[in-house]
Amino acid sequence: MELVPFRDEEIAILRHSIEIAEDLISNYYRISTSEWKRYRYDIQSLKDLREEEITDAAFAQIHRYSTSPQQRLRGSEHGDFFKICLQDHVIRRAIQRDPHILLLPLTTYIITHELIHVVRFAKFLQRFDTTNAEQEAEEKRVHAITFTLLDNYQIRGMSDVLKAFRDCRTMETFLGSQG
Ligand SMILES: [Zn+2]
């Protein structure tokens, strides 16, 4: 698969979908703005991924670091850092395959799903390292929450995305690391 990163106008749509997803999730979990700032995650697209963070098999890859790859740790901060690695080429393929699927609702769907994983890891509702069976059960829970959050969200093309991907089994892969 050709690794072509998102263009500027696609990145702008991506930024918009990150805002929508963060808003929906902080409301759903009743996380205040100051609390939200303490969640240790980052969302990056293909142009900012390392080689091992790129995959053809899923829309995203969640890479767990034991410390932040960019920021230096402040004294009071601890815990895992999650990098949500979006796979531009896989997302683009889904859009090219089906003309009903639009970029904004699809990236909103993907980022909402991935952020629910991250919040559940951070709240210790779910362990990162776990059995396949538990991972499958968690995937079902995250799909169900994503559907609840987006089903009533008025955005053009969302119902087509929900229909096409509500049980999608290749949303993300997980990558752990000590560094
Ligand atoms: Zn998932």
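Predicted model: local features only at pLDDT ≥ 70, side-chain atom pairs only at ≥ 80, totals over all residues.
1. The second largest pocket takes the largest share of its lining, 9 residues, from α5. About 390 Å³ of space lies inside the second largest pocket. Its lining has 22 residues, and the closest to the pocket's centre are Gln-135, Glu-136, Glu-139, Lys-140 and Arg-169. The elements that give two or more residues to the lining are α4, α5 and β4 (172-176).

2. What is the make-up of this lining: how many nonpolar, polar and charged residues? The lining of the second largest pocket divides into 7 nonpolar, 6 polar and 9 charged residues. Rolling a probe the size of a water molecule over the atoms shows where empty space is left.

3. Now to the strands, starting with β2. Why can β2 be called largely enclosed by the rest of the structure? Because 6 of its 6 residues are buried. Both faces of β2 are covered. Ala-60, Ile-62 and Arg-64 lie on one side, Gln-61, His-63 and Tyr-65 lie on the other, and all are buried. In a regular strand the side chains alternate between the two faces of the sheet.

4. β3 is mostly covered too: 6 of its 6 residues are buried. One side of β3 holds Phe-81, Lys-83 and Cys-85.

5. Next, the pairing. β2 and β3 run antiparallel and are joined by 6 bridges. Look for Arg-64, whose bridge partner in β3 is Phe-82. β1 and β3 pair in the parallel sense, over 4 bridges. There, Ile-43 has Ile-84 of β3 as its bridge partner. β2 also pairs with β4, in the parallel sense, over 5 bridges. Gln-61 has Thr-173 as its bridge partner in β4.

6. Check the loop between β1 and β2, where Ser-45 is found. Is Ser-45 buried or exposed? Ser-45 counts as buried because its relative accessibility is 5%, and the cut-off for buried is under 20%. Leaving aside neighbours within four places in sequence, Ser-45 is in contact with Phe-6, Ile-11, Leu-14, Leu-86 and Asp-88.

7. The largest nonpolar core has 46 residues. Which of them touch the most other members? They are Phe-59, Leu-86, Leu-106 and Phe-165. The elements that give two or more residues to this core are α1 (8-28), β1 (41-44), β2 (60-65), β3 (81-86), α3 (88-97), α4 (103-122), α5 (132-151) and α6 (158-165). α4 gives the largest share, 10 residues. In soluble globular proteins, nonpolar side chains tend to be buried together.

8. Finish with Phe-59 itself. Leaving aside neighbours within four places in sequence, its contacts include Leu-86, Leu-106 and Phe-165. Others among the contacts of Phe-59 are Cys-85, Gln-87, Val-90, Ile-91, Ala-94 and Ile-110. Phe-59 is also in contact with Cys-168, Thr-170 and Met-171.

Conventions:
Residues numbered from 1 in each chain as written. Heavy atoms only, no water. Core = buried A, V, L, I, M, F, W, Y, C linked by side-chain atoms within 4.5 Å. Buried < 20%, exposed > 50% of the residue type's maximum accessible area, 1.4 Å probe, protein only. Contact = heavy atoms within 4.5 Å. 1 Å grid on protein atoms, 1.4 Å probe; cavity = no way out; pocket = protein on both sides within 12 Å on 5 of 7 lines; lining within 4 Å. Points joined across faces, edges and corners; volume = space filled by probe spheres on them. Nonpolar A, V, L, I, M, F, W, Y, C, P; charged D, E, K, R; others polar. Pairing = 2+ DSSP bridges.
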